[in-house]
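Colleague: I'm new to this one. Can you walk me through it?

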Amino acid sequence: MSSSPYIAETPAEVANAKGLHLITMNTPNGQATQIMLEELADAYGTEWTTTLINIMTNEQKKEWFLRLNPNGRIPVLVDNTVSPPFSVMETSAQILYLEKKADRDDKFGFKDEFERNEALQWMFFWHGSGAPYQGQVNHFTRAAPEKIPYAIDRFKKETLRVYGVLEIRLSGKYTGEPRDYLAGKGKGKYSVADIKTWPWIKGWERSGFTQEDMAPFPHLLKWIDRIAERPAVQRGIGDKYVQK
Ligand SMILES: N[C@@H](CCC(=O)N[C@@H](CS)C(=O)NCC(=O)O)C(=O)O
């Protein structure tokens, strides 16, 4: 393993953090890892510290940050309990790192290999096919300097198609057995797969989808509400992660 990822410009609160440290902003991607940490806190008393940055200032493109995540995007998790400190980019990799490090009873994962693989399937599905599409919906409807109807239409349709895949899963359309969560036997168990996926989908309205757009996905809507009730989830998207 290489030497320390820190340089003189690395904020002291990152370099001097005693344990796990999350560099984040309260966006859907940031929230995925924030929620995992909050769940671990409730389940095991896991501790970490947090640095909030504002991506609008491009702090994430500075060298100190790129040394932790060459992709220049939040969130980044660093583990200062190991030597040299270990940095983790990409939300799914962070969630799985935390699961391995702190979830000793598999409360958010699975011992059974098939169930474990199911959780990976749904994490990868959202990481590769959901987040990028919904991210582009947000970009083309809100940030793009020019409104390009083709791009808006294309990414909205793809996002709704992905919602439809999750609806098939949750409704039990082909198994005859509706489920509460994405992975696990029977009705499933709340897991890393839900933690990765939920922060984006709960923002469907903010992404410009209407009640009418969402009407074909009743099981997905109930899944959103079910997960929203968890105290760790509420904390994981809450004020604590809003830069003052
Ligand atoms: N695939 C990455 C996506 C991370 C990402 O896109 N983060 C956004 C915020 S939600 C970001 O940092 N944007 C700032 C930028 O692109 O400079 C992950 O899962 O961690």
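Modeller: Domain bounds here come from an automatic or database domain assignment. The model is predicted: local features need pLDDT of at least 70, side-chain atom pairs count only at pLDDT 80 or more, and totals for chains, interfaces and linings use all residues. Residues are numbered from 1 along each chain as its sequence is written.

Colleague: OK, how is the chain divided?

Modeller: Into domain 1 (12-107) and domain 2 (113-230). Taken over C-alpha atoms, their centres are 23 Å apart.

Colleague: How many residues does the contact take from domain 1 and from domain 2?

Modeller: Domain 1 gives 11 residues and domain 2 gives eight residues. Two residues are in contact if their C-beta atoms, placed from the backbone, lie within 7 Å.

Colleague: Which element gives the largest share on the side of domain 1?

Modeller: Helix 2, with six residues. Helices (H or I, at least four residues) are DSSP runs, numbered from the N terminus.

Colleague: Switching to helix 9. Which residues are buried?

Modeller: In helix 9 (residues 218-228), Leu 220, Trp 223 and Ile 227 are buried. Buried means 20 or more other C-beta atoms within 10 Å of a residue's own, exposed means 12 or fewer, with C-beta atoms placed from the backbone.

Colleague: Where do they sit around the axis?

Modeller: They cover an arc of only 55 degrees, so they are on the same side of helix 9. The arc is that of the directions from the helix axis to the C-beta atoms.

Colleague: And what is exposed on the other side?

Modeller: Pro 218, Asp 225 and Ala 228.

Colleague: What do the buried ones pack against?

Modeller: Helix 6 (149-171), helix 7 (192-201) and helix 10 (231-236).

Definitions and conventions
Helix = DSSP H or I, 4+ residues; strand = E, 2+ residues; numbered from the N terminus.
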